[in-house]
Structure formats: structure tokens, C-alpha cells
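Dear colleague,

I am passing on a structure that I have been reading, and I would be glad if you looked through it alongside these notes.

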Amino acid sequence: MTLNAPVRPAAIRRRPFVVASPYLLGAAAFLTVFLGCRDRLPDPVATHFTGAGRADGFTALGVFPYAALGLLLVPAALFVWFAWAEDGRRVNGRALVAVAYGVAGFGGFLLTDLVFANARAASAEQARLGPWQLAAALVAAAVAAALGLLLAGRSAPAVSGSPADPGSAPRLPLREGESVTWTRTVGSRAVFACGPALLALGVLVALVADWGSALTLLVPGALLPVMSGARITVDRHGLTATAPWLPRPRLRVPLARIEEATARDISALKDMGGWGYRVHPGRSGLVLRSGEAIVARLTIGSEFVITVDDAATAAALLNALVARDRAHHGG
């Protein structure tokens, strides 16, 4: 059984370009304001402010425009990647566009206002960026997000379905004593791409603010590429997931805990609430991407999900192994 992806509607195919647009406009607006005010800007410029709006962090004028553009273009690349890698039937594409526009509106407004704050001050130490300017940036983000919803177009109908009817799960024929193993490596381009993007953003934050603030981006940025892949195995031990190059950590569901297995499409966001190891009421699992997945119904009534290619073959083998194990143990 092969799960075929539907043809993307035109509104979904153009989403990467729609997502990129506000960031390019924001970068153009920032550069226009920066070049117009450059003669009035101090060196260094104030780039970090206390809760009271007073400047307490500074960046060299020659570095500032590159760091500011990076703060716009790195998230742009990340959102464009998500829009391209995850089609509209598997994620809420309109929500993705709205969030991307909101981030672009907030960042573009705040960076442009930062130039004005420095230009109207006698020195960088006297620059002010008060709470009302932050509130205005939030309003700009809300307006931009609403515009993103209008431009996103409709999402394609979801195809992830309900579990197969009890007893309908297929089995592979196994001879008595035959040893069979199915294994496949799965990875997430989107999760992997987040790592370099967060590392780049962390370096930019360190240049603009400080390394302490940047660690919240640098640490997950270093870990995400390592966590973006897994080797999935179905054999006499059950359903197992490990890192592709390491025996540990290991996630295993023994045959004795499995009632039956099926294959169906799973949306990472809609069905599991995101990527990685997910736990929901009645469902848990390892979700590195959207698409076809092994769905094991456990003896306790909940489901365990692993997204992987050729899930139908894996589920059929798992059912055969479960039936043989049950017969051997008198289940």
C-alpha cells in the first residue's frame, strides 16, 4: 500500500513566496530608514534597553545594519522552509503564514524604530525605547498577521483519517520460526534546518545584545540537528526507535503491549501538536515530520505513533509478529 500526496493547490504552492514578502519589505524599509538617518546615528548605536526604556547595550555602527538584517532574514528563511517542506494538507498553512507575517511585522517595526530612537538622541546613552513603542510593535504584528491570513489562501482538506476498523489491519505471511526485520531511517528537513537557523540567530543576538541571551538560541540550535533523525525497526522485539548512529537513547514498544498496527497519514501540528517526542491524552509517539506513520494501538487502549516511510509494510509485519507472539504465549 502506498500513500500518495495530492497535488498542491496554487495557493499552497505560492506560500513560500507569500511568506518571504513581508521580510523583504521589512528589510527594504529598514535599509531606507537606516541610510537616510546614517549621518545622525551615534557610533556605537544603542541596541538593548531596560524595562524603563534606557539604553544598556550597544553595537558598533558598522555591524548594526548586518545584524538587523540578519534578525529579519534568518526567521524569513526558517518560515519559507516550513512553508515549502510542509504542504497545506499536513499543517495549518494559513496559521503558518499568519505567524510569519506577525513576526515580520514586529521585527520590522521595532528595528526601524530603533534607528529613529538613535537618530533623535544626542548620544547612544540617551536613546530611549519605551513601553509604548513595544506596544506599537505588537499592534504592527497583529495587523501584519491579519494581512497574512488574507493572503494565505485556503488550506487543502486534511487527509489524516481515523484508525482503521478493528480486525482490518493487514498482516505479512510468516513461516514458523522465520526471522524478519524491517528497518528504515526517517529524518525531518524542517527540524534539521531549525538548528543552523537558531545558531545564526543566536550569534546575531549575541552581537546585538549579549551571549547570555544568545544561549537560549545557541543550545537548542546545536541540539536540533542531532535530534532530527531516527532509525525505526520492527522485529521480534517490537517497535523500536533509536538515533541513526547510536544504540542509545532507545524508545521501544514490546510486542506484548501492542494490540494491532495500522498505517495512516499524521499531521505533526494538527494531530500531535508539533515535532519530536509528543504526549497527548490517548496518543503519544515520535513525530519528525508529517505524512504516513505506523500507528500501534496498545493493549491499554492508547495509540503510539511513529512517522516513517513505508509505514504500511512495517504495520503489516508488526501485526504478524504480534499474532505469532500471542499464539506462542497463549494470548
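Which residues of α9 are buried? The buried residues of α9 are A311, A312, A314, A315, A316, L317, L318, N319, A320, L321, V322 and R324, where buried means under 20% relative accessible area, exposed means over 50%, and partly exposed lies in between, computed with a 1.4 Å probe on protein chains only. Helices (H or I, at least four residues) and strands (E, at least two) are DSSP runs, numbered from the N terminus.

Before going further, please keep in mind that this is a predicted model, in which local features need pLDDT of at least 70 and side-chain atom pairs count only at pLDDT 80 or more, while totals for chains, interfaces and linings use all residues. Residues are numbered from 1 along each chain as its sequence is written, and side-chain values use heavy atoms, with hydrogens and water left out.

The chain as a whole

The protein chain has nine helices and eleven strands, and buried residues make up 49% of its 331 residues. Among contacts (heavy atoms within 4.5 Å) between residues at least 6 apart in sequence, 68% join residues at least 24 apart. R15 lies in helix α2, residues 15–37, and is buried, with a relative accessible area of 4%.

The two sheets

Strands of a sheet pair through backbone hydrogen bonds, either parallel or antiparallel. Here, two strands are said to pair if DSSP finds at least two bridges between them.

Four strands form an open sheet in the order β3-β4-β5-β6, with antiparallel pairing, and its edge strands are β3 (182–187) and β6 (250–253), each of which pairs on one side only. Six bridges join β3 to β4 (residues 229–235), and R184 stands opposite I232 in β4. Helix α9 (residues 311–328) packs on this sheet, touching β3, β4 and β5 (238–242), and the direction of α9 makes about 40° with that of β4; axes are lines fitted to C-alpha atoms, for helices over the stretch in contact, and angles run from 0 to 180 degrees between N-to-C directions. β4 and β5 form a hairpin with two residues between them and pair over five bridges, with R231 opposite T242 in β5. Five of the five residues of β5 are buried. On its other pairing, β5 joins β6 over four bridges, and the bridge partner of L239 in β6 is V253.

The other open sheet to look at has five strands in the order β7-β10-β11-β9-β8, with mixed pairing. β7 (258–266) and β8 (276–280) stand at the edges, each with a single partner strand, so one side of each is left without a neighbour in the sheet. β7 and β10 (residues 291–298) run antiparallel and are joined by eight bridges, with I266 and G291 as bridge partners. α9 packs on this sheet too, touching β7 and β10, and the direction of α9 makes about 175° with that of β7.

What covers the buried residues of α9 includes β3, β4, β5, β7 and β10. A nonpolar core is a set of buried Ala, Val, Leu, Ile, Met, Phe, Trp, Tyr and Cys residues joined through side-chain atoms within 4.5 Å. Of the 28 residues in the largest such core, W182, I232, V234, L239, I294 and L318 touch the most other members. The elements that give two or more residues to this core are β3, β4, β5, β7, β10, β11 (303–307) and α9, and α9 gives the most, with eight residues. Apart from this core lies another, of 24 residues, among them C37, A46, L69 and L114.

Helix α5

Which residues of α5 are buried? In helix α5, the buried residues are Q133, A137, A141, A144, A145, G148 and A152. They cover an arc of only 125° around the axis, which puts them on the same side of α5, the arc being that of the directions from the helix axis to the C-beta atoms. On the other side of α5, W132, V139, V143 and L150 are exposed.

With best wishes
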